[in-house]
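These are my notebook entries on a structure that I examined chain by chain. I began with the contacts between chains and then turned to the separate chains.

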Amino acid sequence: MVRLENLVVGGGPKGAMRLGPLSLAFAATGITAIMGANGAGKTTFLKVLHGLIAPLAGRVIWEGVAPGEQAFVFQQPILLKRSARENLELPLRLRGQAPGAELARLAADLELTALLDAPAHALSGGEAQRLALARALSTSPRVLFLDEPTANLDTLSAQAIEHVFAARAAAGTRLFIATHATAQARRLATEVIWIEKGTLIGPIPAPAFFASPPEAARLYLEAQS
Amino acid sequence: MKAVLVWWLLAMPAGAETLRLALSTSVENSGLAGVLIASYEAATGDEVRAIIAGSGRGLALGAAGDVDAVISHAPELESAAVASGSFSHRAAFMFNDFVLIGPEDDPAGISGAASAAEAFARLRAAQARFLSRGDESGTHEAEKRLWLASGAVPRSASGRWYLETGTGMGATLNTAVALGGYTISDRATWASFANKRGHRIVFEGDPALFNQYAFLPVSGEKHPFVASAAAARFEAWLLGDGQSVIEAFEIAGVRLFTPNARD
Amino acid sequence: MEMSLPLADLLDITLRSLAVSVSAVALAAALAIPFAAWLAISRFRGRGAFIAVLNALMGLPPVVVGLGLYLLLSRSGPFGVLDLLFTTWAMVLAQFIIVFPLIASLAHQSLSDLWQSYRDLLVSVGARKGQRALIVIRDARHALLTAILAGFGRAVGEVGAILIVGGNIDHLTRVLTTAITLEVSKGNLAFAVALGAILLAISLFVSVALHVLSKTEETRPW
């Protein structure tokens, strides 16, 4: 589905973080967990894949997926200074499509219906992230990028959201999730990428990764559990 | 609302030609300008747009073609302007005189001077604070002539006791009154000036203080776009019926300008 | 000699002041805000220098604008044929030139801040450039209105430029500020104060409106 050709990714304060050159490919189905320490470059990697940030070198080549078929959920939800409803409807309206019953169902599934008329900034962290997720799903994307989507959420909200991820993946949506939470990765991922100090290891099928993690990851995973 | 805005911006009269006339601050400040223009507009159908500027600036506006005619009172500047081809001719039409204004107590003692030249010599000797128009206006030209009778124009004392305001007659009078200094003004502006406080006329009457006003139409050859016909109509009126309007103009029973057009 | 202006003249002068300044500000805002939005969402070489120049133009002395415009509009100048000198249009133009950089710069600061927050989202959902501009303009509308009012305050109190290009012609180009100058020069200080009171009332109204708007901006972030 997507290939990286000699991709070099850079970022972080003073451009200290650097990853690559990377040449690898991702299949058309599955859930990829991107893991690694803070500042390793997980967010930047996701954004380069999605096309929000330009790579320092190399290319990202998508096969059979148009830019409009991807969606991104940010670590901190980016909400317009408007009502929750207007935020939810944004992607559809930008494409000239009227929101319909499907969007209403999506909102209901994520328990947003009662909140839709409130100003977006009045929502709690969990509510805002659910709103951002609903917004991302509103265009039925084929690829979904999720940057630590449940990092700031309570357990109940996190669980609800994970159910949605699993359901979508089952229906054929390709997911890339950057996450700190090893347990979450164990629950959801079909494959894992490990990023650390300028190197990227993987993708490794999840069972293999967690059974015998690469040297670099082992300490981290042990600390978590 | 938009209609009101458009109206205020355009304010164009129907038909008739408009005359852009630069006239000196002394004619405006005395109030004569308003009377003259109102009478002229009533008598003809023309509209006069008066831009108030010292003689120097007025003549410059005429030379650039930004006005159609000029009323000024600086004979040397006017002759030069006509000679340069910017104006077709110069028509003298009224006069009054300049007066010296000073504080109530006249510290430089110029009221006893025998002539205007001597009055200025006394000002120089006493280094009395003097406010000059400093703006190449007719009044400024007259002032410079009077300084020259007893030496050079005191530019070297500029900023000390010789203060050049570079503003119109009224503004200069305000400054003179506020600073307790002397200045030279045309009689009409002083008469109508509303902020005299303790100042008064301390010297007058010398023929050297004669102040001639002239009308100069901008040359239609040099600037084809000027309203030459309107200027000619105004000149004809000014030298004709306008003369009696000038004669009748008084403040507190005193006639301030004397018509003297030569036919 | 007139001791005081009749009410009709007073109304004439006040309405003209408002008409000239409102027109200049409306024109400036109509151009400056889309321009500022474009600048906020665009990235190009030399953008930083461009913004620095725009901010510097805020400090353009109004009287210098008047002088420059006079030279351009004079019959001896390049645009003399337009016959704009000594008309209210020249005054509107002068105030437009003075106020445009102010509104553009203030608008840009607000729009740029908002773009910082919105950029990743709007790029991700595929908003086209025009859509991006409209979204930030709409969401920053309180700050933009503040910028416009600031521009109006600057315009209505200006005197140097409009005196030079307008000529302070009675019933044609005379406004509050130039009328005050004239009345002071005639020594009619009492009347000048009355005119000043009207101008002050207008300025105060604008200041209060600005204050109220910034308060509502604080309490209602959208």
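Entry 1, contacts between chains. I counted two residues as being in contact if their C-beta atoms, placed from the backbone, lie within 7 Å. I note at the outset that this is a predicted model. Which chains share the most contacts? Two pairs of chains are in contact, and of these chains B and C share the most. I then looked up chains A and B and found that no contact joins them. Their closest C-alpha atoms lie 32 Å apart.

Entry 2, chain A against chain C. I found 15 residues of chain A in contact with 14 residues of chain C. Which helix of chain A gives the most to the side that touches chain C? I identified helix α2 of chain A, residues 84–94, which contributes three residues. Sorted by class, this side of chain A holds 10 nonpolar, three polar and two charged residues.

I traced an open sheet of six strands in chain A, with the order β5-β6-β7-β3-β8-β9 and mixed pairing. Why is one side of β5 and of β9 in chain A left without a neighbour in the sheet? Both strands, β5 (70–73) and β9 (199–205), stand at the edges and have a single partner strand each, so one side of each lacks a neighbour there.

In chain A, strands β6 (residues 143–147) and β7 (residues 174–178) run parallel and are joined by five bridges. Within chain A I also located Val143(A), which stands opposite Arg174(A) in β7(A).

I counted nine helices and zero strands in chain C. The C-alpha atoms of chain C fill a box of roughly 70 × 45 × 25 Å along the principal axes. Chain C has 222 residues, of which 45% count as buried. Among the contacts in chain C with a separation of 6 or more, 78% are between residues 24 or more positions apart.

I looked up the mean pLDDT of chain B, which is 89, with 94% of the residues of chain B reaching 70 or more. Over residues 11–15 of chain B, however, the pLDDT is below 50. This stretch of chain B has three contacts in the model beyond near neighbours in sequence.

Conventions:
Residues are numbered from 1 along each chain as its sequence is written. Chains are lettered from A and ligands numbered from 1 in the order in which they are written. This is a predicted model: local features need pLDDT of at least 70, side-chain atom pairs count only at pLDDT 80 or more; totals for chains, interfaces and linings use all residues. Helices (H or I, at least four residues) and strands (E, at least two) are DSSP runs, numbered from the N terminus. A residue is buried if 20 or more other C-beta atoms lie within 10 Å of its own, exposed if 12 or fewer, and partly exposed in between; C-beta atoms are placed from the backbone. pLDDT is the predictor's confidence in each residue, from 0 to 100. Two strands pair if DSSP finds at least two bridges between them. Ala, Val, Leu, Ile, Met, Phe, Trp, Tyr, Cys and Pro count as nonpolar, Asp, Glu, Lys and Arg as charged, and the others, Gly among them, as polar.
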